[in-house]
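I opened this model to log its helices, its cover and its side-chain pairs. My entries follow.

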Amino acid sequence: MEAQEMQLKVRRVTDKFTESMYVLANEPSVALYRLQEHVRRSLPELVQHKTDMQSWEEQSQGAIYTVEYACSAVKSMTNSSMYFKNIDSLLRQAIKMKEQISNSQGRSACSLHDVTPSPSTLVSAPHAPSTST
């Protein structure tokens, strides 16, 4: 009977010891320690992802600004067609006036037979009326 009693006591002690070890292993401070280990291992990677995302955000903001600027430039170009038409008509008028001046100088040179026109005759050359379209 002493052997059975001894086995019972040993069994109780081992059960209590096992229960104590189980409680110690699952104590909140151990859980906090393991949580801290996990954070320490994963935090650098999370920080790297955050900096990458910030960099991509800056790049995309720059691209958005560039596209908006290009769109505004294209819109202003379409609005400037009126000015280009005006420039075109003014250039055509200038070409016609130059041709008329050249023609009138050619006629006066033929009528004067080798007499060069003075600068005052060049200034007083007749001007064609403007024909704007």
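**Burial and surface**

I checked cover over the chain: 5% of its 133 residues count as buried. Buried here means under 20% relative accessible area, exposed over 50%, and partly exposed in between, with a 1.4 Å probe and protein chains only. I looked up the accessible surface, which comes to about 12,300 Å². Carbon and sulfur atoms hold 63% of that surface. The areas are Shrake-Rupley values with a 1.4 Å probe, and for residues only the protein chains shown count as cover.

**Ground rules**

The model is predicted, so I kept local features to pLDDT of at least 70 and side-chain atom pairs to pLDDT 80 or more, while totals for chains, interfaces and linings use all residues. Residues are numbered from 1 along each chain as its sequence is written, and side-chain values use heavy atoms, with hydrogens and water left out.

**Confidence**

pLDDT is the predictor's confidence in each residue, from 0 to 100. I read a chain average of 82, with 80% of the residues at 70 or above. Among the elements, helix α2 (residues 28-79) has the highest mean, 91. Helix α4 (residues 119-123) has the lowest, 47. Over residues 119-129 I found pLDDT below 50. Beyond near neighbours in sequence, that stretch has three contacts in the model, a contact being heavy atoms within 4.5 Å.

**Helices**

I listed four helices and zero strands. The order along the sequence is α-α-α-α. Elements are DSSP runs numbered from the N terminus: helices are H or I of at least four residues, strands E of at least two.

I then tested helix α1 (residues 2-25) for length. The expected span is 1.5 Å times one less than the number of residues. For the 24 residues of α1 that gives 34 Å, and the end C-alpha atoms are 34 Å apart, which agrees.

**Side-chain pairs**

How many aromatic pairs are there? I count one. Rings of Phe, Tyr and Trp (its six-membered ring) pair with centres within 6.5 Å; planes under 30 degrees apart are stacked, over 60 edge-to-face, the rest tilted. Tyr65 and Tyr69 have ring centres 6.4 Å apart and planes at 20°, so they are stacked. They sit four residues apart in helix α2, about one helical turn. Both Tyr65 and Tyr69 are exposed.

I searched the whole structure for salt bridges and found one. The rule is a Lys or Arg side-chain nitrogen within 4 Å of an Asp or Glu carboxyl oxygen. Asp88 and Arg92 meet at 3.1 Å, N to O. Both lie in helix α3 (residues 81-112), four residues apart. Asp88 is partly exposed at 35% relative accessibility; Arg92 is exposed at 51%.
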